[in-house]
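Please look through the sequence and structure below before reading my points. They are meant for someone new to this entry.

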Amino acid sequence: MARLAHLDALPGQRSGASPKAKVALVDALLAEHEVRPCAVMTLRWLARHSGVERALCAVVEGENGRLVGLTGLGLSLGSVDSFSLDLGDRTHPLIIALAGGEPVTFHPGRNLRRPFETPLGDVPFHAIPLTRPDRGEEMGAGLLLISSEDGGPMWEDVVWASELLGVRLVSLWYHRAQIDERRHKRERSWLFSIINAVTDPIMLTDGDGRILVANTGAEMLLTVDDSKSEGWRRAVALNNMLFSASMFTNTESPTRRELLLVDPSEGQDLLFEVLSTPVTIRLGETGVVSVLRNVTDLRRATLEIEENYRRLRVAEAATRAERDRLDLILNSVQDPILVTDPEGNIVRMNPPAERMFTDSSSSGDREVERRVRANDAVFTTFVSNLHTGQTKSFRGELSLVDPRSGATIPVEAISGKVVSKHGEETAVVTILHDLTEAVEKARLYEQVKRHSEELKEKVREATAELAEQNELLRRQALQLEQASAMKSQFLANVSHELRTPLNAIMGYTHLLLEGVSGDMSRPQREKLTRVDSNARHLLAVINDLLDIARIESGKMPIQVETVRLPELIDEVMTEVEPLIAGTRLEVTRSLPEDPPAIRTDRQKVKQIVLNLLSNALKFTPQGSVSIRLEHDREADEISIAVADTGIGIAQENQKTIFEAFEQADSSYARRQGGTGLGLSICRRLAHLLDGRITLVSTLGEGSTFTLFLPCQPRTS
């Protein structure tokens, strides 16, 4: 906090934010693990507590060596993203401020030694470094640019917040560096696992022939411990001598050679094909990666030769097919295409080119022959420029003649050399594009340009009208948001008011059914049973409405705890047993042996699964229903899939089935009743739990609803 001593030179200093507000910002930054959200929260905090209206947060990107815009306050997204300064430009005022580590005030309106622009515009502003450069570093973590055109913010809070943000950004970057280091260690372990899984001996040697890395196969041939016999040791010593002698033949380029070694375990001679490739171990030092392939078995060598011969035949067939495909492509192109050899002779052309450069008629018309020769002379002159030049491509305009009609055809010729992998020119490919239409378009362009000037005036008038309509739409959108909030509050209040008398109705009905007031006749009991059933249905509807209202108002509480999903699924299956008993469906479950426990809201997960399973039982007249639990280790998430063979959902209804008060438009679904809130609540609850729900369904074949949940909460 030593930088607070420099605030006396800054105008507009006022009393700072409360300690409670500062603690809240500290807690929020510690809970966030991403750089951009931390900067956004800091700028919003400054806007609330320090009077900051316009600001830009820029951070140092060490990999690119630039100071780039991260986020802004009161600025457009494009202006923030386009802000970028080269850290190597040490004369730029902002780079100087970043390296100095102290707040600096800039007045763009006054004469500066080097004028520059920022997204804040042509107004005075303050550049506050987020951190001071550490010992051995030339730059801090970034800059906070704050406009001071309206009297200035509370600078004590600004500097405090900038230091807090800088410390948090450095902490996050250090945490990421630790993660990268752990990943490198894990990848190194994977590398050793991979090379040890290869049966062929693999090793890395340094420039002196010393073995640096070897897999299990190489260690068996070239290493020995004290527990081995004397014969084993002599075989290993001989192998090392033979291998070292072969390594000094050529280590500057990849080599392939044969090497005779001894099997230490059986004493037999083994013939290996050694593939050695030079690699860079570290700066200024090279090594050799050697792969030893056992070629002792002649039968395997014979099979490899046969396989190579078969591949050769396949390659020849593929080449012929590729040539046929090339002919098909050339013949399907409407523009003339010609291929010439290095001497300029035409060796290949497609049908459109043949019509321009050959006389296919049998009448012997001399005029047609003359036009064809004229076209050939013009084309040969053009291509000769490319053959004699050093460029690989050439573009130009030619004037050809239609041999049949004699009409002049302006064309654009695009030629490119075909070069072999040895750098030799093998052919030139030329495409001729008819410019007749382009010339006509150029003539029409002037007419369009005149019409464009007339339309500009009309566009200006329309723009003014659109601006007025946009303002009207903005006001209407604000009114709709207010109406939605009032609707959510109304639903919450009405739901609470309805549940109180409804609970009383259900309570007294239950007492009557239990015989508290005496025995009842069978018709009386049946009617009271219907009253109880409908009251419970009405209570479920009211609870759905209350859940919707609480979710929309952002007041739905989340209780995170450790949840074991197999136990939760057992509870759900127990609760729907009466519903299953009333059907003739086969209900199965598929659970992994040891799924991990997850951290989430147990009651809400149970509510989602219970709703999905109840819907599957309700909309499946016959067949089966299954519930499947899976764990994706790579994504670190759990999936619970509920599949049925029921009526299915049409493709056009799948887009709206998760909307509130929406149901699939089918007679069967209508007969089952319901408010259409269940799936909407499920999707919103899944979103609150950082999860998602997907649907795969075919009308008449069934549906599969899958709930995906992270094993650990992703948000605080």
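1. Basis. This is a predicted model, in which local features need pLDDT of at least 70 and side-chain atom pairs count only at pLDDT 80 or more, while totals for chains, interfaces and linings use all residues. Residues are numbered from 1 along each chain as its sequence is written, and side-chain values use heavy atoms, with hydrogens and water left out.

2. Overall. The protein has 17 helices and 23 strands; these are DSSP runs, helices being H or I of at least four residues and strands E of at least two, numbered from the N terminus. Of the 716 residues, 35% are buried, meaning under 20% relative accessible area with a 1.4 Å probe and protein chains only.

3. Six strands form an open sheet with antiparallel pairing, in the order 3-2-1-6-5-4. Strand 3 (84-86) and strand 4 (104-106) are its edges, each pairing on one side only. Two strands count as paired if DSSP finds at least two bridges between them. Strand 4 and strand 5 (residues 125-129) share 3 bridges, and V104 has A127 in strand 5 as its bridge partner.

4. Its helices. Helix 4 (residues 93-100) lies across strands 1, 2, 3, 4, 5 and 6, at about 120 degrees to strand 6. Such angles run from 0 to 180 degrees between N-to-C directions, with axes fitted to C-alpha atoms, for helices over the stretch in contact; contact means heavy atoms within 4.5 Å.

5. Strand 21 (residues 637-644) and strand 23 (residues 702-710) run antiparallel, joined by 7 bridges, and V642 stands opposite F705 in strand 23.

6. Buried residues in helix 17 (residues 678-688) include L679, I681 and L685. Helix 17 is followed by D690, which has a positive phi near 65 degrees.

7. Surface patch. W190, I194 and V198 form a nonpolar patch on the surface with about 310 Å² of accessible area together. Patch residues have over 30% relative accessible area and no salt bridge, nonpolar side chains being joined within 5 Å; a salt bridge is a side-chain nitrogen of Lys or Arg within 4 Å of a carboxyl oxygen of Asp or Glu. Accessible areas come from the Shrake-Rupley method with a 1.4 Å probe. W190 is found in helix 5 (residues 155-197).

Key. Patches are made of residues with over 30% relative accessible area and no salt bridge: like charges are joined within 9 Å, nonpolar side chains (Val, Leu, Ile, Met, Phe, Trp, Tyr) within 5 Å. Buried means under 20% relative accessible area, exposed over 50%, partly exposed in between (1.4 Å probe, protein chains only).
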